[in-house]
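Dear colleague,

Please find below the structure that I am handing over to you. A written account of the findings comes after it.

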Amino acid sequence: MGKRVYNFYAGPATLPVRALKEAKRELLDFYGTGMSVCEISHRAKEFQAVIDEATALLKEIYALPPHFHVLWLQGGASTQFFHVPWNLGLEGKPMAYVNTGSWASAAIKEARFFGEVKVVASSEDADFSYIPREFEVGPDASYLHITSNETIGGVEWIEFPDPGNVPLVVDASSDFLSHPIDWTRIGLLYAGAQKNLGPAGVTVVIARNDLVERARAKKLPTMVSYATHVDKGSMHNTPPCFAIYLSMLALRDLKEKGGLGYIEKLNKKKSKLLYRLIDGSNGFYKGVVRPDSRSRMNVTFRLPSEDLETACVAEAKARGLIGLKGHRSVGGMRASLYNAMPLKGVKALAALLREFQLANS
Ligand code: PMP
């Protein structure tokens, strides 16, 4: 393998090298079939073994209780923005959302096609720089939707809200598998794979049984209904075979490294390193998020000027630290520290930031 860069892109993002090497090794001849995993039938026993292992690993790593189903779907998290209200919205019961930024807003926009949406809390008043904590959902909501990590703004729910009997639905696209989850709080959780799990092309939905039954009762178009995908083991139609396969390899890697206990500790360490540096920079670097809402996955910060930000991104790139420009909608800088980003990469970034400050202040 040639020289690998440290990839801080927000997604598609860095993947475990071990998984990539394994995929490379098996690409021309998958388990003695004389074909790659992209070339065999999804009905072949070799592919069934892949999706079964991926599902079993995900259940084991997340310690999922048995009344949850794991689905491997397509269309990205953006498709879940309308599948969730279509499957779970109930007549006369508003769909509750917390608006924490770009991705929550996108989910809200889609839900409005399906009925009454109640935005029960929003941090728009402060440019989406915090996670709202005090709000009422009310017992009559169809569900409460949150975005556990705002990839663009860099705010994260470290502890999920407890809406009582109202099912909690979580868009966990950018902090999927980054820390353990209390499943007693969750009704449904979804995530595009391309940040913390595998390549783009597969979207994981983890759905509680009663919500699958709620969807079944609604008699929806076949591909929309969660019940179809549960009944058909995510194989009603051709699944994204390669993306599921690579996700399986990444899950093997995560399990071998120590699972969520290990990865949560590492993720805390990596993000702390950068936030400490930002806080200790005498205002040269400025975090854009309130400290109690800071994301461990996407560290967003600003420099004294846009010119300095451009220079810093260029200097980082010259050292093999890639993808640090903030999202085009908000500017600034953003370091995405997903599971597969090693501590060494974050240390290299911290060293660059220290030197850049010395040279430019
Ligand atoms: N939700 C969040 C939190 C995201 O970060 C993204 C993608 N960056 C999406 C949803 C949309 O995901 P996709 O591109 O898979 O549709």
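The notes below take up the sheets, then the helix packing, and finally one histidine.

This is a predicted model, in which local features need pLDDT of at least 70 and side-chain atom pairs count only at pLDDT 80 or more, whereas totals for chains, interfaces and linings use all residues. Residues are numbered from 1 along each chain as its sequence is written, and side-chain values use heavy atoms, with hydrogens and water left out.

**Sheets**

Helices (H or I, at least four residues) and strands (E, at least two) are DSSP runs, numbered from the N terminus. Two strands are taken to pair if DSSP finds at least two bridges between them.

An open sheet of seven strands has the order β2-β8-β7-β6-β5-β3-β4, with mixed pairing. Its edges are β2 (68-73) and β4 (117-122); each has a single partner strand, so one side of each lacks a neighbour in the sheet. From one strand to the next, the twist averages 20°. Within this sheet, β7 (residues 188-192) and β8 (residues 203-208) are joined in the antiparallel sense by five bridges, and L188 has A207 in β8 as its bridge partner.

Axes are lines fitted to C-alpha atoms, for helices over the stretch in contact, and angles run from 0 to 180 degrees between N-to-C directions. Helix α2 (residues 45-62) touches β2 and β8, and its direction makes about 135° with that of β2. Helix α5 (residues 209-217) touches β2, β7 and β8, and its direction makes about 95° with that of β8.

A further open sheet consists of three strands in the order β9-β10-β12, with antiparallel pairing. The edge strands, β9 (286-287) and β12 (333-336), each pair on one side only. Two bridges connect β9 with β10 (residues 298-302), and G287 lies opposite F301 in β10.

**Helix packing**

Angles under 35 degrees count as roughly parallel, over 145 as roughly antiparallel, 65 to 115 as roughly perpendicular and the rest as oblique. For residue classes, Ala, Val, Leu, Ile, Met, Phe, Trp, Tyr, Cys and Pro count as nonpolar, Asp, Glu, Lys and Arg as charged, and the others, Gly among them, as polar.

The axes of α8 (residues 259-279) and α10 come within 10 Å and cross at roughly 0°, which means that α8 is roughly parallel to α10. Among the residues making this contact are L266, L273 and L277 of α8 and V346, L349 and L353 of α10. By class, the contact of α8 with α10 comprises nine nonpolar, no polar and four charged residues.

Helix α9 (residues 306-318) and helix α10 (residues 343-360) have axes that come within 11 Å and cross at roughly 135°; α9 is therefore oblique to α10. The residues in contact are L308, A311, C312, E315 and A316 of α9 with L352, L353, F356 and N360 of α10. Seven of these residues are nonpolar, one is polar and one is charged.

**H83**

H83 is located in helix α3 (residues 76-88). With a relative accessible area of 9%, H83 is buried (under 20%; exposed is over 50% and partly exposed in between, with a 1.4 Å probe and protein chains only). Apart from neighbours within four places in sequence, H83 is in contact with M223, V224 and Y226. The C-alpha atoms of H83 and S225 are separated by 7.7 Å, although these residues are 142 residues apart along the chain.

With kind regards

Notes: Contact means heavy atoms within 4.5 Å.
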